[in-house]
Structure formats: C-alpha cells, structure tokens
Amino acid sequence: MELDEELQAVLDEQGVVLTVGEVRRVAELIGRDPTLVELHVFNVEWSEHCSYKSSKASLKLLPTDGPNVMLGPQEDAGIVFFTEHEGRRWGIVIAHESHNHPSQVLPNEGAATGIGGIVRDVDCMGARVFGTADPLRFGDPTGENADRTRWIVSGVVDGIWQYGNALGVPNLGGDIYFDETFDDNCVINVVAIGLVAEDEIIHSSVPPNAHDEPYVLILVGKPTDDSGFGGSAFASKILDEEEQAEDRGAVQVPDPFLKNVLAMRKANEAVRERARELGVTIGVKDIGGGGFACGSSEITAAGDGFGIDIDLRAVHVGLDGLLPETIMCAETQERYVVAVPERFADEVLRIYNEDWDLPNVYEGACARVIGRITEDEMYTVRFDGRIVIQAPVQVVTSGIEYDREERARNYAGVEPDFERPADLGETLLAVLGSRNVCSREYVYRAYDSEVQGNAVLRPGEAGAGVARPLPGCDAAVALAVDGNPKYGRIDPYWGGANAVAEAMRNCAAVGAAPQALTDCLNFGNPEKPEQFWEFRRGVKGVADAASNLWLKGYPDGTPTPVISGNVSLYNESATGSSVAPSPIVACIGVMADFAKAVTVQLKRPGDAIYLLGERKDELGGSAYYEVLGLGLGRNVPQVDWAAERARIYAITDAIDAGLVAACQDISDGGLAVALAEMALGPFGRGDVGADVAVGSILNGLRPDRALFSESGGFVVEVREGCEERFEALCAEYGVEPMRLGETSETAALEIELDGEDIIEVPTAALADAWLGGLARILHS
C-alpha cells in the first residue's frame with residue numbers, strides 16, 4: 001500500500017492520470033518499469049480519448065458495414081459510396097469528433113482546433129474537404145452561470161467562423177441546444193465531409209509495400225511546441241473549475257492559414273498526385289489527440305507487422321529546451337505524418353519545403369524525415385543518442401479495456417397535469433422565441449457557406465445542408481446533425497434512437513436518401529454505474545435505430561451503417577454534475593439531381609398541405625413543456641421503425657418525382673412549429689401562408705398536445721394537381737397522408753378546429769418572435 005501511495009505521488013507530480021494499476025500493467029507488458037517518457041506516451045495512448053477503454057465493447061453493438069461502405073470506422077474517417085461519374089466510383093468521406101473540454105476552458109481556441117482537427121481527419125484520407133457542421137450544446141444562458149455560458153457561446157462561435165472561413169471550408173449546417181446540465185461542460189461536436197475517388201483513397205497506415213522496400217516517416221507542418229501537452233488525458237478527466245487556469249495549457253493553438261496551404265491550397269494533394277504518377281503507395285495520418293506519439297505509433301501499428309525507429313532530435317521544434325515527453329505528446333496543430341518509400345522522400349521534402357515554401361508560410365514549419373519503418377514491430381524512440389521509448393507498438397496503441405459496472409437509474413419525472421392555455425397563438429409565439437426553437441441565423445450568419453461554390457441548400461433553408469461537390473456531375477450530398485439532450489435526460493435509449501431518426505428525416509426532407517451515419521457519444525463518468533448505464537443505453541438506441549431504419553434501395557433488413565464517430569466521456573464537473581446523455585448523430589444523404597432539392601419555405605398559394613405521421617401523446621422533453629414551465633415530463637417520443645422507414649422512403653420518392661414544393665420534418669415544437677417555420681422561411685420573409693384544420697388528426701388528444709407533440713413526421717407542401725399521385729405514392733409504402741389544408745395568399749398561419757381559429761398569427765408576428773429570439777436571450 002505504501003508503494004502504491006509513493007507511485008501515485010510520482011504520477012501526480014508528473015501530471016500523469018494513469019491509475020497505479022494501469023502503470024503496473026504497462027510494466028508487465030513491456031517487461032520492466034517504464035521510463036518517464038514512456039509513462040507520458042502511455043498516459044495519452046491509454047486515455048479514454050485515445051483508447052476507448054470503457055466503450056470498446058459497447059461500440060460493437062453498432063452496425064458498421066454495408067453494401068455501400070467503402071471504409072468503416074477503423075481509420076481517421078469513414079467513406080460511403082456517393083456516385084459513379086465518367087467511369088469512376090466516388091465516395092463521401094466523413095469524420096465526427098468532439099472538442100468539449102478544451103472549449104469549456106478556452107472556447108475560441110477549443111472550437112477552432114476542433115474544426116482544424118476534423119478537417120485533417122478527412123484530408124488525410126486523400127479527400128477534398130467540402131463541408132463542415134457544428135452541433136453545439138451550451139448551458140443555461142439565463143441561469144446562475146449565464147455570464148460564463150454567454151462567454152463560451154461567443155468564443156465557440158467566433159472560433160468556428162474565424163478558423164473555418166479562413167480555411168475556405170463552407171459550413172453546411174449544425175444545431176444548438178441549451179440546457180443547464182451543460183453549465184460546467186459544454187459539448188462542442190464537429191463534422192467534416194470530403195470527396196474522394198475510390199482509386200485515390202489513402203489509408204492511415206504504413207503500406208504493405210514497406211516489407212518490400214525501405215520506408216521512412218516524414219513529419220509535416222508546424223514546429224512542435226508545448227501547446228496541448230496532455231490534451232488527450234485532459235479530455236478524459238473530470239473538469240474542476242479551480243484547475244481551469246492550469247488546464248489551458250492543454251488546449252491547442254490553431255493556425256488556419258498554414259492549414260489552408262497544406263489542405264485547401266493542395267500542398268498535400270501535390271504529394272499525393274506525384275505519388276500516383278510514380279506508382280508509389282503512401283500512408284498519411286493526421287496528428288491530433290495524443291500528438292506525435294499517437295500519430296507515429298498508430299500509423300505504424302495500423303500496418304501489418306511493422307515497427308518504427310524515431311530520432312526525436314529530427315523533429316522540428318519551435319521552442320528551445322523541450323523535454324522529450326513534451327515533443328512526443330504536445331498537440332501542436334497543423335501537422336501530419338506521412339509514410340513514404342525512402343527513394344521518394346527527397347521529392348516529398350522538396351514539394352513541401354520548396355514548391356509550397358512551408359518555412360516561409362509559418363516560421364519553423366517544414367517537412368522532415370524523423371524515422372525509419374522497421375519490421376521488428378517495436379516502437380523505438382531515441383533522444384540525444386539514448387533510447388527513451390522501446391515497447392511493442394501494438395502494446396502502445398492497443399490500450400486496455402474495462403468491463404464497467406452499469407446500474408439502471410430511476411427517472412422520477414411524470415407527465416404534467418395542466419389546463420390548455422387560453423391563447424394558443426400567444427403560446428406558439430412563446431415557443432418560437434424560446435431558446436431551443438428560435439432561429440439560429442444569429443449564429444450561422446457568421447459562417448461562410450458559399451466558399452468553394454458547391455452550396456445548393458445553406459443553413460436555415462432546410463434541416464440539412466446540401467452541396468454538389470463533384471464538378472460536371474449533378475449528384476448532391478445532404479448533411480444533417482441531430483440529438484435532443486432533453487430526450488436523453490428522460491431515457492438515453494430514445495435519445496439515441498431519436499437522434500438517428502431525426503437526422504435521417506432531415507436528409508429525406510430535402511430529397512436525399514440517407515446513406516450512412518456517424519455518432520459522437522457525449523456522456524458522463526463511466527466509472528459511475530448509473531452514468532455508464534446511460535452510455536450503454538444511448539449506444540443501444542443508436543444501434544437499434546440504425547439497424548431498423550434500413551437503407552433504401554437495398555434488401556430489407558440492410559442497416560444504415562455507422563461509418564465513423566467518437567466517444568467523449570467524463571463530461572462531468574468536480575461537483576459531480578454530468579451533462580445530459582447526448583448521443584449526437586450526423587447523417588449523409590445522397591440524391592441523383594441537386595436541382596430537385598426542396599427547402600422548408602412554402603412556395604405558392606393553392607398547394608395542398610399534408611401531414612405524414614400521426615400525433616401521439618409524446619411531449620416528454622418538449623419545447624412546449626419547457627416554455628410552460630412544466631418540467632421534462634415523461635412521454636419521450638418513441639420511434640416506430642416500420643412507420644418511420646416508410647415515411648422516409650415515401651417522401652424521398654415524392655420529391656424525386658417532382659410532387660413536393662416544400663417539406664419540413666417534425667421535431668422541436670411539434671406540428672405547430674413546423675408549420676410556422678414553413679410559413680417563415682429561413683429569414684422570416686415568407687409571403688405564402690398556411691390555412692389548415694386539425695380536427696381529423698387529434699387522435700384523441702387535446703388540441704394543444706396534438707399541435708406541440710414531438711412525435712416524428714413530415715409536413716409537406718404538395719404541388720397543385722399532384723395530390724392524387726402523392727397520395728397513391730404514399731399508399732405504396734403504407735403511409736397515410738393526412739390532408740390538413742392548403743397554402744394561402746395571406747401571409748399568416750391559421751389553424752382551425754371545428755370551424756373556429758385556435759391559432760391565427762400573421763407571419764410578421766411569427767418572425768418577430770422567432771428571428772430575434774437568440775439575440776434577446778444572449779444579450780438580455
């Protein structure tokens with residue numbers, strides 16, 4: 001016991017968060033006590049962030065393969081088939097990560113480097129990055145920590161636009177939720193997508209050819225400094241407000257202009273093109289979490305039977321006197337490692353250092369050979385002629401795995417008993433102006449969505465962004481992100497399932513058939529049985545939804561694959577409060593003709609308005625309950641797999657057939673908000689109204705419950721004269737289209753029941769409540 005206490009004291013002094021048991025396991029695996037440098041390398045490689053030591057077993061629940069999958073979640077990004085064009089097969093590359101802890105401590109830098117890292121993940125697969133998305137979760141902007149929450153919101157948004165705009169990658173979408181459980185731990189997720197030809201995919205591993213000829217490892221990018229040292233371990237710890245000042249050193253420093261040269265202005269692509277010309281196979285890996293230690297060890301371990309011998313003095317550094325553990329584990333941004341044949345190395349160095357002049361883009365930036373690939377399967381690192389690390393590379397990267405205890409938590413919430421509000425029009429305005437429903441235009445207007453010239457639908461125009469990324473080809477890609485944390489607070493399973501269903505609905509609502517998913521699983525402390533149960537249940541919800549909402553156009557039972565993702569645990573403060581269970585899902589959809597994409601805004605008077613999806617008593621976690629101060633409730637929306645599938649299939653077919661003028665999925669705020677948003681359009685300037693009657697869709701519910709229920713579905717504007725074809729198409733899938741009314745020349749939302757208006761609000765009034773809501777909340 002005394003020895004354990006002494007060892008713990010040493011670990012604490014060195015800032016190593018490995019447990020005593022884990023350090024003893026390291027010693028057992030390498031056959032001796034680890035060096036100090038090895039301790040720091042294992043500290044990052046065996047962190048929750050890098051090793052997934054608590055989540056590996058649970059992630060096996062997810063369906064990750066499918067007939068359209070080019071590459072599953074085993075590398076930096078996943079790839080799904082997009083289209084064939086001029087005899088070549090093209091894929092969409094997608095990656096999804098979190099930057100939660102860094103963004104709580106330094107919001108601007110944390111969010112900016114999150115964007116930088118996710119772009120590198122896609123770029124290193126050989127792809128051209130053409131879009132990002134940013135699902136964001138913040139604390140209560142009007143609660144006891146309002147000033148801090150608003151500071152974090154401002155910093156995060158600034159970090160995203162300052163980095164993304166300078167980099168030249170358009171923002172295609174995102175979402176924002178506010179909830180008091182994020183007061184001490186914001187959740188900042190980032191998604192990036194890119195385009196790659198199947199025959200140009202580059203893997204994040206040493207190529208098999210390294211068995212046949214000598215290969216070396218080249219480090220490219222900024223000079224290594226001490227920024228982000230311990231970042232991966234920091235991302236795997238509980239946040240303590242009193243320690244946040246010292247934690248700031250664990251946050252990386254962004255440089256979008258150097259990244260622009262490497263990724264967007266095609267220095268990396270120049271190397272790839274030259275390699276193809278010479279018939280040379282290379283491997284590329286982004287350096288992010290865990291720094292050079294993770295990048296160099298993981299690209300080696302991902303190969304078949306390789307080791308590496310590194311000269312740490314060959315690493316270019318930006319500060320004098322850096323310790324070897326700092327050089328290994330600092331998370332300096334804008335760096336890659338590239339495995340190339342030794343005969344090709346000089347040419348690679350010339351391309352980066354001379355053709356693209358990296359040393360003059362950023363002081364000290366360059367490309368250097370820093371190691372040689374071996375076949376001894378050892379990870380060997382030398383510093384000033386002495387070996388500071390020598391361990392089997394698979395031991396370094398394989399980490400450890402825990403079988404955590406789980407215990408179901410008891411949710412004590414009940415459905416509220418309350419009288420219907422006297423004025424449902426005023427209630428609708430209050431919901432439209434509320435923090436989780438109001439327009440996000442105040443945020444996304446700072447983002448450049450037009451750069452690269454591929455945008456078809458931009459943020460706000462629909463629930464999914466749409467881009468046409470392949471020149472000369474009409475095929476388009478839709479990207480949607482979703483995940484309501486209030487559902488997760490009630491039941492993490494339905495939080496996960498609804499995140500999948502809503503992301504797929506948002507792609508379908510623009511006309512794109514969902515093709516693949518990613519997930520970022522943001523949860524609390526896995527060492528606490530109830531919080532680990534939340535995690536397991538959330539993963540099960542995502543897995544069941546992906547397995548039951550089948551790929552359209554493939555045999556029944558074909559899951560929609562989860563091809564990439566991330567796990568973020570320990571989103572808990574030192575006070576013991578954890579974030580709401582927050583599985584956040586991104587969905588990629590594909591459509592053959594970008595010109596058929598539809599927006600949410602109503603188009604012309606005289607068209608029919610239909611509802612797909614019956615209204616149920618499912619207001620648990622709803623915006624309606626929040627506005628009325630009724631708590632969370634209990635009846636969270638539950639996805640009917642068969643009905644959800646059928647509606648997604650029907651709506652994508654109807655849009656492809658040209659029957660649909662506008663479409664909106666039903667989620668936050670229910671049917672009433674969906675109708676209002678269709679009348680408003682993205683900027684509140686809609687001049688076509690809606691005149692509907694809801695008597696036929698009440699399904700035994702009180703009118704307010706039916707209007708604000710968040711049961712999934714679609715509201716559809718069907719072009720005049722196409723009603724019979726639309727109804728027949730829905731019938732083919734067993735979907736009942738419920739006709740509500742029609743679009744109107746009067747710019748207003750009118751909802752009738754039994755011949756009387758229960759809501760009659762001009763679009764201008766809807767706009768006043770909805771458009772300025774977020775600015776009022778953040779600056780009141």
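Predicted model: local features only at pLDDT ≥ 70, side-chain atom pairs only at ≥ 80, totals over all residues.
Two helix pairs are considered. Two packed helices are described by the angle between their axes and the distance between the axes. Helix H12 spans residues 267-278, and helix H15 spans residues 342-355. Their axes lie 9 Å apart and form an angle of about 150 degrees. H12 and H15 are therefore roughly antiparallel, as the angle is over 145 degrees. Their crossing is right-handed. On the H12 side, the contact involves Ala-267, Asn-268, Ala-270, Val-271, Arg-274, Ala-275 and Leu-278. H15 contributes Phe-344, Glu-347, Val-348, Ile-351 and Tyr-352. The residues of this contact between H12 and H15 comprise nine nonpolar, one polar and two charged.

The second pair joins helix H18 (residues 424-432) and helix H28 (residues 763-771). Here the angle is about 35 degrees, and the axes are 7 Å apart. Leu-428, Leu-429 and Leu-432 form the H18 side of the contact. Ala-765, Leu-766, Ala-769 and Trp-770 form the H28 side. The contact of H18 with H28 has seven nonpolar residues, no polar and no charged.

Aromatic pairs were examined next. A pair of aromatic rings is described by the distance of the centres and the angle of the planes. Twelve aromatic pairs are found in a search of the whole structure. In one of them, the ring centres of Tyr-610 and Phe-726 are 5.1 Å apart. The planes of these two rings stand at 50 degrees, so the pair is tilted. Tyr-610 belongs to strand S20 (residues 608-612), and Phe-726 belongs to helix H27 (residues 723-732). The pair links distant parts of the chain, 116 residues apart. Tyr-610 has 0% relative accessibility and counts as buried. Phe-726, also at 0%, counts as buried.

Tyr-624 and Phe-708 form a stacked pair. Their centres are 4.4 Å apart, with 0 degrees between the planes. Tyr-624 lies in helix H23 (residues 623-628), and Phe-708 lies in helix H26 (residues 703-708). The pair therefore ties together parts that are 84 residues apart in sequence. Both Tyr-624 and Phe-708 are buried. Ring pairs also link these two residues with Phe-418 and Tyr-625 into a cluster.

Lys-486 lies in helix H20 (residues 485-490). Its relative accessible area is 8%. Lys-486 is therefore buried, as the cut-off is 20%. Residues up to four places away in sequence were set aside in listing its contacts. Lys-486 then touches Phe-178, Asp-179, Arg-435, Asn-436, Gly-621, Glu-626 and Leu-632.

Finally, two loop residues have positive phi values. Glu-334 is not a glycine, yet has a positive phi of about 60 degrees. Glu-334 sits in the loop between helix H14 (324-329) and strand S10 (335-341). With 0% relative accessibility, Glu-334 counts as buried. Tyr-570 likewise is not a glycine and has a positive phi of about 60 degrees. The loop that holds Tyr-570 runs between strand S18 (562-568) and strand S19 (582-591). Tyr-570 is buried, at a relative accessible area of 7%.

Key: Residues numbered from 1 in each chain as written. Heavy atoms only, no water. Axes fitted to C-alpha atoms, helices over the stretch in contact; angles between N-to-C directions. Helix = DSSP H or I, 4+ residues; strand = E, 2+ residues; numbered from the N terminus. Parallel < 35°, antiparallel > 145°, perpendicular 65-115°, else oblique. Left-handed = near helix turned anticlockwise from the far one by under 90°. Contact = heavy atoms within 4.5 Å. Nonpolar A, V, L, I, M, F, W, Y, C, P; charged D, E, K, R; others polar. Phe/Tyr/Trp six-rings, centres within 6.5 Å; stacked < 30°, edge-to-face > 60°. Buried < 20%, exposed > 50% of the residue type's maximum accessible area, 1.4 Å probe, protein only.
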